[in-house]
Amino acid sequence: MTPHAASAEILRLCQMAPVIPVLTIDDATHAAALARALVAGGLPVLEVTLRTPAALDAIRAMARVPGAWVGAGTVIIPDDAAAACNAGARFAVSPGATDRLLDACEGIDLPLLPGAATASEAMRLAERGYSAQKFFPAEPSGGVSALKAMGAPLPQIRFCPTGGITMQNAPDYLGLANVACVGGSWVAPSDAIAALDWNRIETLAHSAAALPRRAPEPGV
Ligand code: 3PG
């Protein structure tokens with residue numbers, strides 16, 4: 001898969017909802033129920049971080065939930081990409097990018113949303129063909145004003161900012177012309193997951209799914 005095709009697929013997923021939930025799952029037993037709640041709330045695209053031993057089993061379980069489009073986050077090395085793909089992940093997200101990881105994802109046809117936090121990182125990825133990038137960590141890296149400033153010289157790059165996004169600041173990000181969608185863990189708080197409080201998570205998802213966003217400018 002070419003970087004161009006990967007970014008096209010990622011941008012298609014970003015169109016499905018304004019927010020991609022970032023999920024860190026300790027127990028795969030309830031992963032399907034979590035996915036059902038988020039899908040019912042209007043958030044079909046789900047990122048499961050590879051930070052826990054349960055992550056791959058969670059991806060396997062969630063990938064079978066009707067309407068869910070499940071990917072892996074915190075994909076750092078080629079082995080992560082291969083394991084995620086084998087578990088049924090349909091896309092991958094990385095906090096940064098290395099040539100080895102880009103090569104691996106391209107080689108196994110796993111669409112990757114690679115991370116960038118500076119103009120040079122974003123330019124390097126764009127040079128390779130990645131027009132969709134994760135802006136990470138969004139808030140510590142300057143937040144809305146940094147992303148807006150990056151949009152002036154680099155309008156061709158569309159970002160999914162992640163890291164410190166909340167229901168409160170999400171509208172400011174989603175109002176930027178170079179933001180395709182945002183990612184965040186706030187829609188599935190760990191205490192709600194631990195309490196198996198799927199109603200609360202579905203309600204949070206509903207609110208997130210209703211966030212307005214700016215239509216992309218022609219040619220962007
Ligand atoms: C992460 O890497 O954990 C994601 O960027 C989510 O960040 P958040 O918990 O601040 O939403």
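Me: Before we start, which ground rules apply?
Reply: Residues are numbered from 1 along each chain as its sequence is written, and side-chain values use heavy atoms, with hydrogens and water left out. As the model is predicted, local features need pLDDT of at least 70 and side-chain atom pairs count only at pLDDT 80 or more, while totals for chains, interfaces and linings use all residues.

Me: What makes the protein chain as compact as a globular protein of its length?
Reply: The chain has ten helices and nine strands (DSSP runs, H or I of at least four residues and E of at least two, numbered from the N terminus). Its radius of gyration, taken over C-alpha atoms, is 16 Å, close to the 17 Å that the globule rule gives for 220 residues, so the chain is as compact as a globular protein of that length. That rule is 2.2 Å times the number of residues to the power 0.38.

Me: Why is one space called a cavity and another a pocket?
Reply: On a 1 Å grid over the protein atoms alone, a cavity is a set of points where a 1.4 Å probe fits but cannot get out, whereas a pocket is an open set with protein on both sides within 12 Å along at least five of seven lines. Lining residues have an atom within 4 Å of a point. A volume is the space filled by probe spheres set on the points, with points joined across faces, edges and corners. The largest cavity holds about 30 Å³, and the largest pocket about 440 Å³. Of the 26 residues lining that pocket, the closest to its centre are Val-22, Leu-23, Thr-24, Ala-188 and Ile-193. H9 gives the largest share of the pocket lining, three residues.

Me: How do you know what classes line the largest cavity?
Reply: Its lining is Ile-10, Leu-13, Ile-20, Val-45, Phe-91, Val-93 and Leu-113. Ala, Val, Leu, Ile, Met, Phe, Trp, Tyr, Cys and Pro count as nonpolar, Asp, Glu, Lys and Arg as charged, and the others, Gly among them, as polar. The lining therefore divides into seven nonpolar, no polar and no charged residues.

Me: How do you know which residues of H3 and H4 meet?
Reply: Contact means heavy atoms within 4.5 Å. Leu-56, Ile-59 and Arg-60 in H3 meet Ala-83, Ala-84, Asn-86 and Ala-87 in H4. By class, this contact has five nonpolar, one polar and one charged residues.
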